[in-house]
Amino acid sequence: MCDFCEKWKLKINSDKTKVTVFGFRRADTSTLQFVCNGQSLETVHCFRYLGVIMNYNGSFKIAIEELHKQALRAMFALLNKCRKLQLSVDVTLDLFDKLVTPLCVTVKKRIIGYWGRLLESKESKLSKIMYNQLHSLHSSGAYASPWVSQVKQILDDCGLSYIWITQKYNNINWLKKIVEQKLKDQFIQRWQSELTSMTSCDTYIEFKQEFKLEKYLMYENQNSRQAICNFRTNNTRIPKVTGRYKGLERSERMCNICDSHCVGDEYHVLFECKNVNVMYYRKKYLPKYYVYSPSKIKLILLLRSNNSGVIAKTGAFLRNVLPLFK
Ligand SMILES: [Zn+2]
């Protein structure tokens with residue numbers, strides 16, 4: 001047993017152990033020899049630990065690129081299978097969360113989970129020894145560890161600074177659960193404030209008030225589903241949207257398929273447009289309650305509706321009307 005292993009009572013498998021010399025430049029390891037239990041250890045410039053590639057220069061660029069590639073591969077394979085099996089949108093989204101999970105909340109929750117398990121592990125465990133060293137260097141200001149800083153930042157952001165200060169908590173599952181909940185709440189708050197600051201989302205924020213899966217996404221007719229989704233998210237060629245790309249003021253984005261001289265926005269398309277075809281499809285599909293004496297409130301109620309019949313009719317109207325705007 002080597003001195004280090006003996007001191008900390010570590011059992012190291014020399015066959016599976018490799019050495020990486022960390023530094024700004026790639027070290028010349030031909031003159032260096034590392035020995036453990038009388039066996040020479042192989043020196044490598046990078047290695048994979050818990051699925052993450054660690055590079056000699058401490059940069060995670062290669063690891064991030066690798067994870068990005070893996071996530072893309074997993075996502076496209078998943079979408080392909082979902083299309084072949086004709087799975088519904090809610091099932092696809094659930095599978096995406098479970099199989100790909102590149103989401104920042106998940107990553108931060110895992111960081112805290114790993115840190116929590118580290119605190120609970122035996123003092124003699126190599127990772128615990130390294131953490132204690134890192135923590136003491138970080139606390140004294142001798143070395144600013146990015147990972148330690150990240151753990152502290154996550155706890156601070158979740159209002160759990162006292163856990164970082166005391167390095168103690170009651171239950172790991174409680175800690176992970178509360179961190180996840182607080183991070184999700186913050187994500188939704190950020191999402192809401194970003195929406196409020198975007199003028200192009202002025203109608204969207206009126207009807208999209210909750211961060212949840214919308215019922216229209218489960219509607220079986222894919223063309224209708226796509227049309228509603230495009231209409232809600234400004235992914236159309238109605239004048240309100242195309243005028244923005246041309247740099248026109250909102251009041252100058254007039255409807256180009258009728259002569260009403262009105263701004264071609266969502267309200268105009270649904271309730272006002274005098275184009276013959278739009279009027280035909282409006283009469284054919286849109287429920288009378290919304291069409292007669294329309295108002296801004298009715299527009300919001302229509303796009304917020306969870307009624308299957310209303311969703312089907314809105315979808316049929318939009319999939320016929322939106323292609324008229326070119
Ligand atoms: Zn019009």
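## Ground rules

A residue is buried when its relative accessible area is under 20%, exposed when that area is over 50%, and partly exposed in between (1.4 Å probe, protein chains only). By that rule Ser-200 is buried, because its relative accessible area is 12%.

This is a predicted model: local features need pLDDT of at least 70, side-chain atom pairs count only at pLDDT 80 or more, and totals for chains, interfaces and linings use all residues. Residues are numbered from 1 along each chain as its sequence is written, and side-chain values use heavy atoms, with hydrogens and water left out.

## Ser-200 and Asn-234

Helices here are DSSP runs (H or I, at least four residues), numbered from the N terminus; strands (E) need at least two. Ser-200 sits in the loop between H8 and H9. What does Ser-200 contact, leaving aside its neighbours within four places in sequence? The partners are Asn-234, Lys-240 and Arg-244. Contact means heavy atoms within 4.5 Å.

Asn-234 belongs to the loop between H10 and H11. Asn-234 counts as buried because its relative accessible area is 13%. Its phi is near 65°, a positive value in a residue other than glycine. Most residues other than glycine have a negative phi.

## The zinc site

Which atoms hold the zinc ion? The donors are Cys-255 (SG), Cys-258 (SG), His-268 (NE2) and Cys-273 (SG), at 2.1 to 2.3 Å. A donor is an N, O or S atom within 2.8 Å of the metal (3.2 Å for Na, K and Ca); water is not among the atoms, so sites may look incomplete. The angles subtended by the 4 donor atoms run from 102 to 117°, so the arrangement is tetrahedral.

Along the chain, the donors follow the spacing C-x2-C-x9-H-x4-C. His-261 is exposed, because its relative accessible area is 69%. The phi of His-261 is near 55°, again a positive value in a residue other than glycine.

## Salt bridges

Side chains of opposite charge can pair when their charged atoms come close. A salt bridge is a side-chain nitrogen of Lys or Arg within 4 Å of a carboxyl oxygen of Asp or Glu. How many salt bridges does a search of the whole structure find? It finds 10.

One of them joins Lys-109 and Glu-180, with the closest N and O atoms 3.5 Å apart. Lys-109 is in helix H4 (residues 104-120) and Glu-180 in helix H8 (residues 172-197), so the pair ties together parts that are 71 residues apart in sequence. Lys-109 is partly exposed at 26% relative accessibility, and Glu-180 is partly exposed at 23%. Another bridge pairs Arg-250 with Asp-202 (3.0 Å, N to O). Here Arg-250 is in the loop between H11 and H12 and Asp-202 in the loop between H8 and H9, 48 residues apart. Arg-250 is partly exposed at 30%, and Asp-202 is partly exposed at 29%.

Are Lys-208 and Glu-214 buried or exposed? Lys-208 is buried, because its relative accessible area is 8%. Glu-214 counts as buried at 9% relative accessibility. The side chains of these two residues, Lys-208 and Glu-214, meet in a salt bridge (2.8 Å, N to O). Elsewhere, salt bridges that share partners join Asp-202, Lys-240, Arg-250 and Glu-266 into one network.

## Helix H15 and its neighbours

Helix H15 spans residues 296-304, and its buried residues are Lys-298, Leu-299, Ile-300, Leu-302 and Leu-303. Which helices do the buried residues of H15 pack against? They pack against helix H9 (204-207), helix H10 (222-232), helix H12 (266-272), helix H14 (288-291) and helix H16 (308-321).

## Helix H2 and the surface

Leu-85 lies in helix H2 (residues 61-85). Leu-85 counts as exposed because its relative accessibility is 60%. Ile-64 lies in helix H2 and counts as exposed at 56% relative accessibility. Ile-64 and Val-52 are 12 residues apart in sequence and 8.5 Å apart in space, C-alpha to C-alpha.

Conventions
Four donors count as tetrahedral if all angles lie between 85 and 135 degrees; four count as square planar and six as octahedral if opposite donors are over 155 degrees apart and all others between 65 and 115; anything else is irregular.
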